[in-house]
Amino acid sequence: MKHKKGFYEKCIKRPQDFLCALLACIVLSPVMLIIAILVKLKIGSPVLFSQERPGLNGKVFKLYKFRTMTNEKDENGNLLPDEKRLTSFGRTLRSTSLDELPELLAILTGKMAVCGPRPLLVKYLPLYNEHQARRHEVRPGFTGLAQVNGRNSISWEEKFDLDVEYVDHITFVGDWKIILKTVWTVLKREGINSETSATMEEFKGTKTVENNNI
């Protein structure tokens, strides 16, 4: 089923996102300044981490976050695993989602929305099946249905199912439920890590029935 925009998404969602992001930037600017200084002192430069992520219709944009990891490498020049590069200060930033505050700028420029499927890695694009790829029919979000229903503690398949469920049911009430539930989830620090990783395991594609029978 191809995504169809309703009145809320056509006329209200984008202006609402812009105003929310603008207000958040103004109110949280002192917090972001303090975090930037602490990242500089505790982790080093650059203060921001940037990475290309796919957005609406898979169009790639640059996403910015506060750095939470060092650039430590092994004797062969390869980056150490995430859990070894993730500092205690970085872990605190992630657990409170404060590392994601620079993404507000992407909402202001229209590359992201307040609510929507989270923007993942570009290398995952060819790994999605037809159902999972539907997550790119809308702008990626600062938070989303998957983030308030398990975050990194649920499987990739569960997460993608929730993303597509959101795509098919975008409403004003639904978005504000996600926003309010996000605040509660962050305060409780739920679902920050998966069972086997400091963040989330790498997505390697969903096995099909045919693959399972081989």
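Let me start with Phe18, which is found in helix H1. Helices here are DSSP runs of H or I with at least four residues, strands are runs of E with at least two, and both are numbered from the N terminus. Before going on, a word on the source: this is a predicted model, where local features need pLDDT of at least 70, side-chain atom pairs count only at pLDDT 80 or more, and totals for chains, interfaces and linings use all residues. Residues are numbered from 1 along each chain as its sequence is written, and side-chain values use heavy atoms, with hydrogens and water left out.

Back to Phe18. This residue is partly exposed, at 34% relative accessible area; buried means under 20%, exposed over 50%, and partly exposed in between, with a 1.4 Å probe and protein chains only. Together with Leu19, Leu22, Leu23, Ile26 and Val27, Phe18 forms a nonpolar patch on the surface, with about 580 Å² of accessible area together. A patch takes residues with over 30% relative accessible area and no salt bridge, joining nonpolar side chains (Val, Leu, Ile, Met, Phe, Trp, Tyr) within 5 Å and like charges within 9 Å. The areas come from the Shrake-Rupley method with a 1.4 Å probe, and for residues only the protein chains shown count as cover.

Next, salt bridges. Side chains of opposite charge can pair when their charged atoms come close. The rule is a side-chain nitrogen of Lys or Arg within 4 Å of a carboxyl oxygen of Asp or Glu, and the count comes to seven. One of them joins Asp175 to Lys13, with the closest N and O atoms 2.8 Å apart. That pair links distant parts of the chain, as Asp175 is in helix H6 (residues 172–188) and Lys13 in helix H1, 162 residues apart. Asp175 is buried at 1% relative accessibility, and Lys13 is buried at 7%.

Arg134 has two partners to mention. With Glu137 the salt bridge is 3.0 Å, N to O; Glu137 is buried at 15%, and Arg134 is buried at 11%. With Asp168, the closest N and O atoms are 2.8 Å apart. Here too distant parts are linked: Arg134 sits in the loop between S3 and strand S4 (141–143), Asp168 in helix H5 (residues 156–168), 34 residues apart. Asp168 is partly exposed, at 27%.

Now the second largest pocket, with a volume of about 180 Å³. On a 1 Å grid over the protein atoms alone, a pocket is an open set of points where a 1.4 Å probe fits, with protein on both sides within 12 Å along at least five of seven lines; lining residues have an atom within 4 Å of a point. Grid points are joined across faces, edges and corners, and the volume is the space filled by probe spheres set on the points. Of its 14 lining residues, the closest to the centre are Lys5, Glu9, Lys13, Arg14 and Arg139. Helix H1 gives the largest share of the lining, five residues.

Last, the backbone. Most residues other than glycine have a negative phi, and most peptide bonds are trans. Which peptide bond is cis? The one from Ser45 to Pro46, with omega near -5 degrees. Pro46 is in the loop between H1 and strand S1 (48–54). Asn57 has a positive phi of about 60 degrees and is exposed at 63%. Ser97 has a positive phi near 65 degrees, but Ser97 is buried at 11%.
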